[in-house]
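Please open the structure in your viewer and keep the selection tool at hand.

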Amino acid sequence: MEISNTSGRRKTSVARIYMQAGQGNITINGRDIKAYFSNELLENIVNQPLATVEQVGQYDIKVNVSGGGISAQAEAIRLAISKALVGDNEEVRPALKKEGFLTRDPRMVERKKFGKRKARRSFQFSKR
């Protein structure tokens, strides 16, 4: 299998991955996954698509991710990995689709409005 190149997004984070057959090394921005995500839950989010199709440890994945928080970055990587797996083998699509890993989460932060403290929160009202 040649190197497959896909991207995933979530909120303002963008993940670009390069996936090829290998020993299961996942490198994020030049660092190991355990060094990048200190929380084990975020590592599990990244590995969910591979675990769903039972291919953990079969691909070397190199990730460039930027923007957003670490949770959004983990979900962006998950979407990119899912898209790469479908590009490699179309038969895994129904399993990943059922888990919702192929859906781009469209929720974004609402912009701040003028005359308000935040997007919807008003300033404190003072009667006197």
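Begin by selecting Asn 29, which lies in the loop between β3 and β4 (31–32); helices (H or I, at least four residues) and strands (E, at least two) are DSSP runs, numbered from the N terminus. This is a predicted model, in which local features need pLDDT of at least 70, side-chain atom pairs count only at pLDDT 80 or more, and totals for chains, interfaces and linings use all residues. Residues are numbered from 1 along each chain as its sequence is written, and side-chain values use heavy atoms, with hydrogens and water left out.

The phi of Asn 29 is near 50°, a positive value in a residue other than glycine. Most residues other than glycine have a negative phi. Asn 29 is partly exposed, with a relative accessible area of 34%; buried means under 20% relative accessible area, exposed over 50%, and partly exposed in between (1.4 Å probe, protein chains only).

Next, select Glu 54, in the loop between α2 (40–52) and β5. Glu 54 also has a positive phi, of about 55°, although it is not a glycine. Glu 54 counts as exposed because its relative accessible area is 69%.

Now display the strands. Strand β2 (residues 13–21) runs antiparallel to strand β5 (residues 59–66), and eight bridges join them; two strands pair if DSSP finds at least two bridges between them. Within this pairing, Tyr 18 stands opposite Lys 62 in β5. Strand β3 (residues 26–28) pairs with β5 in the parallel sense, over three bridges. Here Ile 26 stands opposite Ile 61 in β5.

Move to helix α3 (residues 70–88) and select Ser 82. Ser 82 counts as buried because its relative accessibility is 0%. Leaving aside residues up to four places away in sequence, Ser 82 touches Pro 49, Leu 96, Phe 101 and Leu 102, where contact means heavy atoms within 4.5 Å.

Finally, turn to the charged side chains. The whole structure holds six salt bridges, each a side-chain nitrogen of Lys or Arg within 4 Å of a carboxyl oxygen of Asp or Glu. One of them joins Glu 75 and Arg 10 (3.0 Å, N to O). This pair links distant parts of the chain, with Glu 75 in helix α3 and Arg 10 in strand β1 (residues 4–10), 65 residues apart. Asp 105 forms a salt bridge with Arg 10 as well, the closest N and O atoms being 3.5 Å apart. Asp 105 lies in the segment after α4 (93–99), 95 residues from Arg 10. Both Asp 105 and Arg 10 are buried.
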